[in-house]
Amino acid sequence: MRHRGRATSAQARALEQLLPRYLFAPPATPPAPPPRLIDANALAEAFGRPAPLAVELGFGNGAALVALAKAKPHWNCIGVDVYRPGFGALVLACAREEIANIRIVDGEASHFLGRLPGASVRQLNVFFPDPWPKKRHHKRRLVNAEFAARAAACLAADGRLALATDWPGYAEQMRAVLDAEAALHGGVAPRPAGRPLTPFEAKAVAAGRHVVDLLYHRASSTNSRCAHG
Ligand SMILES: C[S@@+](CC[C@H](N)C(=O)[O-])C[C@H]1O[C@@H](n2cnc3c(N)ncnc32)[C@H](O)[C@@H]1O
């Protein structure tokens, strides 16, 4: 922050003639390298097989991830979260129900999304991400323009992005950033058949909030079909 105010003429002369002798400008820090992409083989190895990949960001207690993994036993399903008690609930469910196609990533969702190889994800789910309702906190929301670009890049040609929120302002933000992403098309959609009612959603419904589901596809799948007749 520069301080306001005028230099006297002596100061102005000193700035021009003497300052270069005394000034130390530390070298600029090099830009941080972009995070390295996760190798597709590493994803297959984590499950012991190559298979279509589904990812849920912010899985909470894992109910939706368990439902997906059971509905698609031939898919590999990754859940990303930072909430340890939720990991406990999820691994208990996996053990109890003998679910072998779920892996957990303990990490930040947008960072993980940015590390996924291009066109590698068949289904990307984001259900009830933290709404950060205060305006000054909107910048913390997961679904923003950068998210839209990352999601579009990692979705396979037939990949789908499903989202749900009970926060009207966040639903609008989701639509705005996803509609603005040229590689995606979609919008408000019916609730997906397999999406279970989680404690978060139950609380929202009990409080009288309306839940909005959104569904987007990669636009390029249509374009490439058109381009190839
Ligand atoms: C409101 S809860 C919803 C949980 C679940 N999807 C559901 O519908 O019940 C949001 C979840 O996102 C997780 N979360 C919040 N910010 C995150 C981040 N930056 N990276 C990964 N997970 C995050 C939280 O730990 C929490 O489990």
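The side chain of Q173 makes a polar contact of 2.8 Å with the side chain of R141, where a polar contact is a pair of N or O atoms within 3.5 Å and, within protein, one atom must be able to donate a hydrogen and the other to accept it, while residues adjacent in sequence count only if both atoms are side-chain atoms. Q173 itself belongs to helix α8, residues 168–179; helices (H or I, at least four residues) and strands (E, at least two) are DSSP runs, numbered from the N terminus. Q173 counts as buried because its relative accessibility is 18%; buried means under 20% relative accessible area, exposed over 50%, and partly exposed in between, with a 1.4 Å probe and protein chains only.

The model is predicted, so that local features need pLDDT of at least 70 and side-chain atom pairs count only at pLDDT 80 or more, whereas totals for chains, interfaces and linings use all residues. Residues are numbered from 1 along each chain as its sequence is written, and side-chain values use heavy atoms, with hydrogens and water left out.

With a relative accessibility of 9%, Q123 counts as buried. The side chain of Q123 is joined to that of N125 by a polar contact of 2.7 Å, and the Q123 side chain also makes a polar contact of 3.3 Å with the side chain of R160.

A119 is placed in the loop between α6 (109–115) and β4, and its phi is near 55°, a positive value in a residue other than glycine. F128 lies in the loop between β4 and α7 (145–154). F128 likewise is not a glycine, yet has a positive phi of about 55°. Its relative accessible area is 12%, and F128 is therefore buried.

The discussion now turns to the ligand. The ligand sits in the largest pocket. A pocket is defined on a 1 Å grid over the protein atoms alone, as an open set of points with protein on both sides within 12 Å along at least five of seven lines, whereas a cavity is a set of points where a 1.4 Å probe fits but cannot get out; lining residues have an atom within 4 Å of a point. A molecule sits in a cavity or pocket if more than half of its atoms lie within 2 Å of its grid points.

There are 15 residues around the ligand, of which G58, D81, E108, A109 and F127 come nearest; a residue is near a molecule or strand if one of its heavy atoms lies within 4 Å of it. By class, the shell comprises 7 nonpolar, 4 polar and 4 charged residues. Here Ala, Val, Leu, Ile, Met, Phe, Trp, Tyr, Cys and Pro count as nonpolar, Asp, Glu, Lys and Arg as charged, and the others, Gly among them, as polar.

An oxygen atom of the ligand is 2.6 Å from an N or O atom in the side chain of D81. A nitrogen atom of the ligand is 2.9 Å from a polar backbone atom of A109, and an oxygen atom of the ligand is 2.9 Å from an N or O atom in the side chain of T198. Taken alone, the ligand exposes 590 Å², of which the protein buries 85%; accessible areas come from the Shrake-Rupley method with a 1.4 Å probe, and for residues only the protein chains shown count as cover.

Separations between C-alpha atoms give a view of the chain as a whole. A71 lies in helix α4, residues 63–71, and counts as exposed because its relative accessibility is 57%. Although A71 and G194 are 123 residues apart along the chain, their C-alpha atoms are separated by 7.9 Å. G194 is found in the loop between β6 (184–189) and α9 (199–206), and its relative accessibility of 53% means that G194 counts as exposed. The C-alpha atoms of G194 and G208, 14 residues apart along the chain, are separated by 22 Å.

L19, in helix α2 (residues 19–22), is partly exposed, with a relative accessible area of 33%. From C-alpha to C-alpha, L19 and P52 are 62 Å apart in space and 33 residues apart in sequence.
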